[in-house]
Amino acid sequence: MNPMARLRSSLGWKLFFSYLLVVTVAVAVLTSTANFHTSTALNRHIDEMQEALLHGAHAAEDLDASLHAALNEIIAVAALVAILASVIVSVFTVRRIVTPLQSMIAGSQHIAGGDYHQRVPMESRDELGALALSFNQMAEALEQTDQRRLELIGNVAHELRTPLSSIRGTMEALVDGVLPPDSATFLSVQHEVARLQRLVHDLEELSRAEAGQILLHRRAVSGVDLISPAVERLRPQFEDKGVALGVDVPPSLPAAWVDPGRITQVLLNLLGNALQYTPAGGQVSLRAWREDNSLQIAVQDTGIGIEPEHLAHIFERFYRVDKSRSRAGGGSGIGLTISRRLIEAHGGRLWAASPGAGRGSTFTVSLPLAA
Ligand code: ADP
């Protein structure tokens, strides 16, 4: 970095040079004022000297006193002008440093008051510029968090409204005698209540996951032991729907360093989605293999697939490709958000791929191996 660039990017060097500038200006002004004022003061001294020599008595003391007075006067006038010049230069340099700090103070007060749109100008490339940049990044992050918070509240309200209005409608119809008080009516209410419970449970999971409060009980678990519980739990549902479930997990796979309960939760979500979005007669396959230092698990289906414009969003909270179908199927649209957070908490990755609508999808999990 050349010296000019280094000077521009370092507040320390700027302060050092501003002090140097103030001192240099003070010395220059002091010297020139002293030079300028010397002839006036000394001429007066020479006049007084001639006067003293004419009168004779106490000539030496008078000459000494008048010389001192002349020197003091020169110093006093020069110092006064030099101080004035230093003050002007200091005000200018201090303002350059203080102004950005003041705008940051004002900005942070706005942010503390809930106005997250505030940004501060980035005028320099030094530490103050870096501070302004971090400040703006922090404001941006806060603004996005606030935006997400508002969206979340809106989404939760929206999700609660549907089952609640369905329960209310059924109850009103029961009271009015429009619906018979039979088990079918009560089952439909029970179904909606179960949906509400699932939603509340998912929301609790989501808030824990987003707050980074997921407690993991990690241990070395073999690939087969990791995958079997989810597969065995869902196999009857695959058979009921008529979707083939193929599992290819070599017993020789190394162990992964995971919380098996949490990974089962993720696999239940992925297999459950694959089952939900694959029509009868379709096929779902689960494969696991080792890649470098990770265990990869892929859930592939021959179902409805995901179009590219949706693929980027399906891990967002409450995102559903087909809003009406998923809601009817009981999905809250936060299963994948929680799954991704759980895998990330393990230091792994979860991603999706699909060749397009009607052409199936593949969800892949990558997990760290046990040492
Ligand atoms: P949901 O509870 O609605 O299934 P998820 O977060 O698990 O919520 O999934 C989000 C959305 O991603 C689903 O609503 C669906 O549109 C899409 N999706 C997830 N898995 C699949 C899949 N295997 N095939 C097609 N679309 C899928």
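Is Leu-30 buried, partly exposed or exposed? Leu-30 is partly exposed, because its relative accessible area is 36%, and that class lies between buried (under 20%) and exposed (over 50%), with a 1.4 Å probe and protein chains only.

A word on the model before I go on. This is a predicted model: local features need pLDDT of at least 70, side-chain atom pairs count only at pLDDT 80 or more, and totals for chains, interfaces and linings use all residues. Residues are numbered from 1 along each chain as its sequence is written, and side-chain values use heavy atoms, with hydrogens and water left out.

Back to Leu-30. It is found in helix α2, residues 11-55. Helices here are DSSP runs of H or I with at least four residues, strands are runs of E with at least two, and both are numbered from the N terminus. Setting aside neighbours within four places in sequence, Leu-30 is in contact with Ala-78, Ala-79 and Ala-82. Contact means heavy atoms within 4.5 Å. Now look across to Gly-272. That residue is 242 residues from Leu-30 along the chain, and their C-alpha atoms are separated by 85 Å.

Next, a helix pair. The axes of α4 (residues 127-175) and α5 (residues 183-210) come within 9 Å and cross at roughly 165°. Axes are lines fitted to C-alpha atoms, for helices over the stretch in contact, and angles run from 0 to 180 degrees between N-to-C directions. α4 and α5 are therefore roughly antiparallel to each other, a label for angles over 145 degrees; under 35 is roughly parallel, 65 to 115 roughly perpendicular, and the rest oblique. The crossing of α4 and α5 is left-handed: the near helix is turned anticlockwise from the far one by less than a right angle, whereas clockwise would be right-handed. By class, their contact has 15 nonpolar, five polar and three charged residues. Nonpolar covers Ala, Val, Leu, Ile, Met, Phe, Trp, Tyr, Cys and Pro; charged covers Asp, Glu, Lys and Arg; the others, Gly among them, are polar.

Now the sheet. It is open, with five strands in the order β2-β4-β5-β7-β6 and mixed pairing. Two strands pair if DSSP finds at least two bridges between them. The edge strands are β2 (244-248) and β6 (349-353), each pairing on one side only. From one strand to the next, the twist averages 15°.

Take β5. Seven of its eight residues are buried, so β5 is largely enclosed by the rest of the structure. β4 and β5 pair antiparallel over eight bridges, with Val-284 opposite Asp-301 in β5. They form a hairpin with two residues between them, and Asp-292 in the turn has a positive phi of about 50°. Eight bridges also join β5 to β7, again antiparallel; there Ile-297 stands opposite Val-365 in β7.

Five bridges link β6 to β7 (residues 361-368), and these strands run antiparallel. Arg-349 has Ser-366 in β7 as its bridge partner.

What packs on the sheet? Helix α6 (residues 223-241) does, touching β2, β4 (283-291), β5 (294-301) and β7, and its direction makes about 170° with that of β2. Helix α10 (residues 335-345) lies across β6 and β7, at about 140° to β6.

α10 also packs with α7 (residues 260-276), at an angle of about 145° and with axes 10 Å apart. That crossing is left-handed. Among the residues that meet there are Ile-263 and Val-266 in α7, and Leu-336 and Ile-338 in α10.
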